[in-house]
Amino acid sequence: MRHRVAHRKLGRVTEHRIAMLRNQATALLRHEHLTTTVPRAKELRPFVERLITVAKRGLAGGETNGHVLTARRLVMQDLQDREVVTKLFDTIAPRFAARPGGYTRLLRIGYRKGDSAEIAQVELVGSEFDPKAKAEADAAEAQKPKPKGVGGRLRAAAERLRGGGKKDEEAAGGGGKKATKPAKGAARRTTTPRKAGGS
């Protein structure tokens, strides 16, 4: 019987399980969302919420009594990344100052293809992850005119050097005047340097 046995073992020995939770907590606090299996997500939530609570209590205690320093040391036992700890104390903990717990949200997304494990997304409340945002940004970039090929870029550079093009004229202040084009029949003369002393 498993009476009063609190946590899932997740198929790992204790050291591996703790290391995995620390790594996932670091990733969750850095990116503010994380995709993993449902049992791991359920174990991760109280782990991360405890860290946020410790940071909140440290900030509420104030700097004068050393509460912030003590809280940082307690959090640093689990989070080895100083940038993530700084983010936790500077932005995340103050965001949840008025919230009495429940800092994370678990959303079930479906089943993994390989082993059909149920997948969930854990995210911090207030920083909802929008998976469509990247697709929308990509679509906006696709609507922009694509850069020309090498030949097109060379022609555009040559036009800029010659002083041609409407954009360059308008930028130079000659927006009212049009450039004169040579007549159709007039051929352009090109000269090529010749070597002295022919052979």
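The model is a predicted one. Its open sheet has three antiparallel strands, ordered β1-β3-β2, and helix α1 packs on that sheet.

**Sheet and helix**

- The sheet has β1 and β2 (104-111) as its edge strands, each of which pairs on one side only.
- On average, neighbouring strands of the sheet are turned by 25° against each other, direction ignored.
- Strand β1 and strand β3 (residues 118-124) run antiparallel and are joined by five bridges.
- Within this pairing, T35 stands opposite Q121 in β3.
- Helix α1 (residues 14-31) touches β1, β2 and β3, and its direction makes about 145° with that of β1.

**Residue T36**

- T36 belongs to strand β1, which spans residues 33-37.
- T36 counts as buried because its relative accessibility is 6%, and the cut-off for buried is under 20%.
- The side chains of T36 and Q24 make a polar contact at 3.3 Å.
- Beyond its neighbours within four places in sequence, T36 is in contact with Q24, A41, E118, I119 and A120.

**Aromatic rings**

- The count of aromatic pairs is one.
- The ring centres of F96 and Y103 are 5.1 Å apart and the planes stand at 40°, so this pair is tilted.
- Both F96 and Y103 are buried.

**Charges over rings**

- R50 lies over the face of F47, 5.7 Å from the ring centre.
- R72 has its charged end over the ring of F89, at 4.7 Å from the centre.

Notes. Residues are numbered from 1 along each chain as its sequence is written. This is a predicted model: local features need pLDDT of at least 70, side-chain atom pairs count only at pLDDT 80 or more; totals for chains, interfaces and linings use all residues. Side-chain values use heavy atoms; hydrogens and water are left out. Helices (H or I, at least four residues) and strands (E, at least two) are DSSP runs, numbered from the N terminus. Buried means under 20% relative accessible area, exposed over 50%, partly exposed in between (1.4 Å probe, protein chains only). A polar contact is a pair of N or O atoms within 3.5 Å; within protein, one must be able to donate a hydrogen and the other to accept it, and residues adjacent in sequence count only if both atoms are side-chain atoms. Contact means heavy atoms within 4.5 Å. Rings of Phe, Tyr and Trp (its six-membered ring) pair if their centres lie within 6.5 Å; planes under 30 degrees apart count as stacked, over 60 as edge-to-face and the rest as tilted. A charge sits over a ring if NZ of Lys or CZ of Arg is within 6 Å of the ring centre and within 35 degrees of the ring normal. Two strands pair if DSSP finds at least two bridges between them. Axes are lines fitted to C-alpha atoms, for helices over the stretch in contact, and angles run from 0 to 180 degrees between N-to-C directions.
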